Amino acid sequence: MNIFLDDITSLALIRAVARDSNGLAFVQSSVTTPQPLGLRTAKLDRLGMPELLGYLRIPELQPLGIVIPAPKNRIRAKDFRCTVCSSPRGSAPFLQLVATDAQSSGLVPSTTQVNVMSPANIVLQTAGRLRANERSGKITHNQAVLALFKLCLELCGTYSHHPFEPLNGAATYHVEPRLDAKTLRTMLETPGRERGLTLAREAAQLAYNNSGSPQETFLGPALFFPTHLGGMHLCDFEANVSLNLSKRERASIGYRHITPDFTLAQYRTVVEYLGKVHFEGDNPKIDHQRSLDYQTLGFREFNFWYDDVRTRARFMQSAARVVAAIAAYEGPKAQQRYLKLAKNKDFIKRQRMLFEVFCPWLQ
């Protein structure tokens with residue numbers, strides 16, 4: 001039997017494995033087209049994977065979400081949620097759940113192949129759900145774009161939200177990116193009529209790789225997104241890209257490779273988000289050496305701590321430092337623009353929306 005998990009259940013499983021792998025991993029599935037379960041009576045206990053369902057907290061927290069090829073295959077049982085998708089995008093639209101050691105074999109059914117949606121298809125299916133909510137008036141278009149972009153940065157980043165409490169649960173850090181922003185954009189370029197495709201393309205065009213935390217994911221849009229989405233649109237930037245240093249520059253600093261959270265190359269400026277982990281162990285010493293290296297290279301560094309983003313007012317005060325650095329190159333027009341935004345009621349409303357989407361823990 002093949003089971004194809006929908007975007008919601010797939011994302012929960014991917015996050016759970018990132019949080020505590022339990023000897024689980026994902027490999028490219030040999031099956032590319034969803035198949036019906038083929039059960040006359042659809043009950044969870046007939047799927048033969050009680051340990052995995054417990055691992056996913058099904059049905060206690062949520063029903064089992066599955067993908068089916070046609071409406072006629074829909075299962076009308078309270079413990080199931082069915083998504084119709086006859087042909088997901090890409091050459092490898094599904095990943096297969098496998099065990100990497102004997103102790104985890106109980107979580108991988110012996111008679112059932114469990115397939116999760118690829119991260120790129122999770123983004124597209126999520127876009128369809130958000131688009132439906134937008135059309136029904138539950139959310140605005142801006143909220144849909146921001147929520148989908150937030151998911152893109154997580155899947156393209158090195159952190160993972162809590163599988164069952166993504167809004168307020170503890171995130172997992174230093175995980176391998178599950179998606180590449182360029183790969184996502186390429187996959188979405190193919191013409192199609194899927195619900196949410198235009199929304200997915202809009203969010204994917206903004207996406208970038210290797211965001212390291214939820215707070216860092218918030219800081220990028222807040223500083224650099226277009227103003228119609230609630231960002232300050234300060235300037236062009238690069239995110240998580242190593243500085244291109246000459247041999248002489250590398251020889252003059254303590255670290256041979258430096259990758260700022262955000263680089264404003266035209267202003268010789270970098271922006272770093274420093275979370276609580278930067279107080280721990282050798283991190284203060286490492287951060288100090290990095291700051292010395294920035295000074296040696298002639299870069300101005302601006303650090304944002306949690307206290308700098310905990311309210312909209314504090315964020316604007318902290319962002320003013322970056323604006324001042326830009327004004328040193330561009331003149332007073334940069335600060336004039338900042339002051340105008342700070343007083344614009346429409347912008348303040350959009351900025352609050354950005355905070356609500358990216359920083360639910362502050363609400």
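Ser213 touches Tyr159, Tyr173 and Tyr273, leaving aside residues up to four places away in sequence; contact here means heavy atoms within 4.5 Å. The model is a predicted one, in which local features need pLDDT of at least 70 and side-chain atom pairs count only at pLDDT 80 or more, while totals for chains, interfaces and linings use all residues. Residues are numbered from 1 along each chain as its sequence is written, and side-chain values use heavy atoms, with hydrogens and water left out.

Ser213 sits in the loop between helix H6 (197-206) and helix H7 (214-224); helices (H or I, at least four residues) and strands (E, at least two) are DSSP runs, numbered from the N terminus. With a relative accessible area of 9%, Ser213 is buried (buried means under 20% relative accessible area, exposed over 50%, partly exposed in between, with a 1.4 Å probe and protein chains only). A polar atom of the Ser213 side chain lies 3.0 Å from the backbone nitrogen of Glu216.

Turning to another loop, Arg178 is found between strand E8 (172-173) and helix H5 (181-189). Its contacts, again not counting residues up to four places away in sequence, are Ile14, Pro119, Glu154, Leu155, Gly157, Tyr159 and Ser160. Between Arg178 and Ala120, 58 residues apart in sequence, the C-alpha to C-alpha distance is 9.1 Å.

Next comes the sheet. Four strands, in the order E9-E10-E11-E12, form an open sheet with mixed pairing; two strands pair if DSSP finds at least two bridges between them. Strands E9 (238-239) and E12 (300-305) stand at the edges with a single partner strand each, so one side of each has no neighbour in the sheet. E9 and strand E10 (residues 262-264) run antiparallel and are joined by two bridges, with Glu238 opposite Thr263 in E10.

Helix H9 (residues 283-297) lies across strand E11 (269-274) and E12, at about 170° to E11. For this angle, axes are lines fitted to C-alpha atoms, for helices over the stretch in contact, and angles run from 0 to 180 degrees between N-to-C directions. The buried residues of H9 are Asp287, Arg290, Ser291, Asp293, Tyr294 and Leu297. They cover an arc of only 160° around the axis, which puts them on the same side of H9; the arc is that of the directions from the helix axis to the C-beta atoms. These buried residues pack against helix H8 (247-251), E11 and E12, whereas Lys285 and Gln295, on the other side of H9, are exposed. Just after H9, Gly298 takes a positive phi of about 85°.

How values were computed: Polar contact = N/O pair within 3.5 Å; in protein donor to acceptor, adjacent residues only side chain to side chain.
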